[in-house]
Amino acid sequence: MDLAGKTAIVTGGASGIGAALAVELAAKNVSVVVGDLDESGAHATAASIRDAGGAAAGLRADAADIADIETLITLAGQEFSPVDIYVANAGVIGKPGLGTESDWDVILDVNLRAHIRAARLLVPHWQALGSGHFVSVASAAGLLTQLGAAGYAVSKHAAVGFAEWLAITYGDDGIGVSCVCPLGVETPLLQTIRGMDDPEVKLGASSIVQSASVISAADVASVTVAAIEENRFMVLPHAELLEMYRHKGGDYDRWVSGMRRYQRTLRAH
C-alpha cells in the first residue's frame, strides 16, 4: 500500500503504542484520526502531528462502543477522506487471575469485540473499493500466554484469531490485515502493572520484562507501518518471539511444562 494521501483511525492513540503509530503514519503523509477515552491525550497527539506539519484530528471515543466507532469513521470522512486504514490498538490488561463475569465482559469488549465491531462497519465499504487495511494490535500473549491474567491471555488469543480470519476471508477482496504481537513495550500500561501490589499482576509484569528486552513504542510503530506498506500479516517487533512460538508448536506439552517451571521461578523471587 502506498500510504501517502490515505486516511487512518488509531484507537487508544493518546499515549503508548497508539500515539507512536499515529505519529509514524502521519510521517508517511497519512491523515490520522486519533481516538481515546483520554480526550485531552487524543487531542494532544493530534496537535503534535499538526505541529510537525501533518494532518490529524483528535476525539474522545470508546473503542468498544459502536456509536463511537461510527463517529470516528464519520469524522475521518468529514475532515479528510473515507477510512483506508483502521488501527485497533486500544486495549486493557484486565483483572488478574480468573476474574468475574463483569471483568470478562470488560476485557472481551475492549480487546476483541471492538475489533469485530469496527470490521463490521468497514469491511463492506472496503470490499466495494477493493482496498483497505485492518491493523490488530494484539500481543505476544496472543501467541504464547500471559502469566497471572487469564482475561488478557484469552482475549489476545482471540484478537489474533479474528485478525487471521479476516486476512483469510477478505484477502482476495483486496483487504489487508496486519496483526501486531510485541513482547515488552515501554508504555503507560506496562508502567502501571509494574507498580501494582497484587502478586498475580507482579507475576505477569515480571514475565513480560524478563522474557525479552523492553522496546519503545516507536520501535513497534516503525515495524507495524512497514508491514502495512508491504501487506504483511504477522508483525513481530521482538525477533526472538518467533523462536518461542516455534518451540510452543513443536512440543506443546513440553512448552506448558516449561511455562509452569518459569512461573514457579518467578514466584520464588
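Reader: Hi! What ground rules apply to the numbers here?
Author: The model is predicted, so local features need pLDDT of at least 70 and side-chain atom pairs count only at pLDDT 80 or more, while totals for chains, interfaces and linings use all residues. Residues are numbered from 1 along each chain as its sequence is written, and side-chain values use heavy atoms, with hydrogens and water left out.

Reader: Great. What's the strand order in the sheet?
Author: The open sheet has 7 strands in the order β3-β2-β1-β4-β5-β6-β9, with parallel pairing. Strands here are DSSP E runs of at least two residues, and helices are H or I runs of at least four, both numbered from the N terminus. Two strands pair if DSSP finds at least two bridges between them.

Reader: And which strands sit at the edges?
Author: β3 (56–60) and β9 (234–235), each of which pairs on one side only. β9 is joined to β6 by 2 bridges, and V180 stands opposite V235 in β9.

Reader: Which strands does α8 touch?
Author: Helix α8 (residues 217–230) packs on the sheet and touches β4, β5, β6 and β9 (contact means heavy atoms within 4.5 Å). Its direction makes about 155° with that of β6; axes are lines fitted to C-alpha atoms, for helices over the stretch in contact, and angles run from 0 to 180 degrees between N-to-C directions.

Reader: Now D36: where is it, and how far away is R60?
Author: D36 lies in strand β2 (residues 31–36). D36 is buried without a salt bridge, and R60, the nearest side chain of opposite charge, is 8.3 Å away. A salt bridge is a side-chain nitrogen of Lys or Arg within 4 Å of a carboxyl oxygen of Asp or Glu; Lys and Arg count as positive, Asp and Glu as negative, and His and the chain ends are not counted.

Reader: Last one: what phi does N29 have?
Author: N29 has a positive phi of about 70°, although N29 is not a glycine. N29 is in the loop between α1 (16–27) and β2, and is exposed at 55% relative accessible area.

Definitions and conventions: Buried < 20%, exposed > 50% of the residue type's maximum accessible area, 1.4 Å probe, protein only.
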